[in-house]
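Student: I am new to this structure. Please take one part of it and walk me through it closely.

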Amino acid sequence: IIGVPSDNPIALEIKNKEVAESFKSYFLALWEQKVTVFEGKKNVTKFFSDILSELEKGEEYYVLNGNQGIETVPEIVNFFKEYHKKRAEKGIKAIFLFNQNIKSRVNELALHPAEYKFLPSDFKSPLQITFYKDRLYISLWAENAIGFLIKRKDIVKAIKSYFDTLWNQKMSKARKIPHSINWSILALSV
């Protein structure tokens with residue numbers, strides 16, 4: 001039965017096994033969909049609202065490259081100010097690997113409970129990856145914001161491995177080599 005609600009509603013009943021199976025296949029493809037695309041300033045934040053309804057106090061999620069690409073879209077900036085207040089009140093922990101450009105806003109985003117570190121200063125990208133449980137959300141913060149939600153536990157596990165490697169990475173300081181060094185001796189000793 002195909003129904004069209006309107007002022008003059010219409011319903012069509014089709015009695016055919018092949019047509020019914022075709023519609024069932026279409027339904028199952030949508031039901032089992034693993035990737036969802038969100039476009040537009042309001043839609044790209046839906047994933048974060050879902051975090052607040054799906055996670056409980058003490059649970060956590062991860063943000064790789066939390067960044068200020070969102071500065072170009074004031075509505076998104078305002079959303080995240082309020083969002084992190086609600087997240088903190090609910091007791092959901094956020095673990096951030098921030099882009100260096102977020103330093104001026106870290107106190108309004110990394111509200112307790114939260115942990116954060118910064119990516120190297122030469123890393124620049126408006127792309128952010130947020131994940132928990134079986135959900136991975138890739139968001140591109142720009143005027144025409146877009147987000148991709150992938151629901152696959154194995155992909156989240158793989159990204160978590162990258163996140164952990166970056167989180168545990170120790171930043172080494174650049175060493176200066178004295179100008180008076182004899183490069184030919186150095187080359188022979190290596």
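Student: Which residues does Ser139 touch, not counting residues up to four places away in sequence?

Tutor: A word on the source comes before the answer. This is a predicted model, in which local features need pLDDT of at least 70, side-chain atom pairs count only at pLDDT 80 or more, and totals for chains, interfaces and linings use all residues. Residues are numbered from 1 along each chain as its sequence is written, and side-chain values use heavy atoms, with hydrogens and water left out.

Now the contacts. Ser139 touches Pro126, Leu127, Gln128, Ile146 and Gly147, leaving aside residues up to four places away in sequence. Contact means heavy atoms within 4.5 Å. Ser139 counts as buried because its relative accessible area is 0%. The cut-offs are these: buried is under 20% relative accessible area, exposed is over 50%, and partly exposed lies in between, with a 1.4 Å probe and protein chains only.

Next, the strand around it. Ser139 is found in strand β8. Strands here are DSSP runs of E, at least two residues long; helices are runs of H or I, at least four; both are numbered from the N terminus. β8 and β9 run antiparallel, joined by 6 bridges. Two strands pair if DSSP finds at least two bridges between them. Leu140 of this region stands opposite Ile146 in β9. A hairpin of 5 residues leads from β8 to β9.

On to β9 and its partner β3. Strand β3 (residues 35-39) pairs with strand β9 (residues 146-151) in the antiparallel sense, over 5 bridges. Val37 stands opposite Phe148 in β9. Val35 has Ile150 of β9 as its bridge partner.

Step back to the sheet. Its 7 strands are open, in the order β3-β9-β8-β7-β4-β5-β6, and the pairing is mixed. β3 and β6 are the edge strands, each pairing on one side only. From one strand to the next, the twist averages 15°. That angle comes from axes fitted as lines to C-alpha atoms, for helices over the stretch in contact, and runs from 0 to 180 degrees between N-to-C directions.

The buried residues of α5 are Val156, Ile159, Phe163 and Trp167. Seen down the axis of α5, they fall within an arc of 85°, so they line one face of the helix. The arc is that of the directions from the helix axis to the C-beta atoms. An α-helix has 3.6 residues a turn, so residues three or four places apart point the same way. On the other side of α5, Lys157, Tyr162, Thr165 and Asn168 are exposed. The cover over the buried residues of α5 includes β4 (60-66), β5 (93-98), β6 (114-118), β7 (127-132) and β8 (135-140).

A search of the whole structure finds 20 aromatic pairs. Rings of Phe, Tyr and Trp (its six-membered ring) pair if their centres lie within 6.5 Å; planes under 30 degrees apart are stacked, over 60 edge-to-face, and the rest tilted. Phe48 and Trp141 form a tilted pair, 6.2 Å centre to centre with 35° between the planes. This pair links distant parts of the chain: Phe48 is in helix α2 (residues 46-54), Trp141 in the loop between β8 and β9, 93 residues apart. Phe48 and Trp141 are both buried. Ring pairs link a cluster that includes Phe38, Tyr137 and Trp141.
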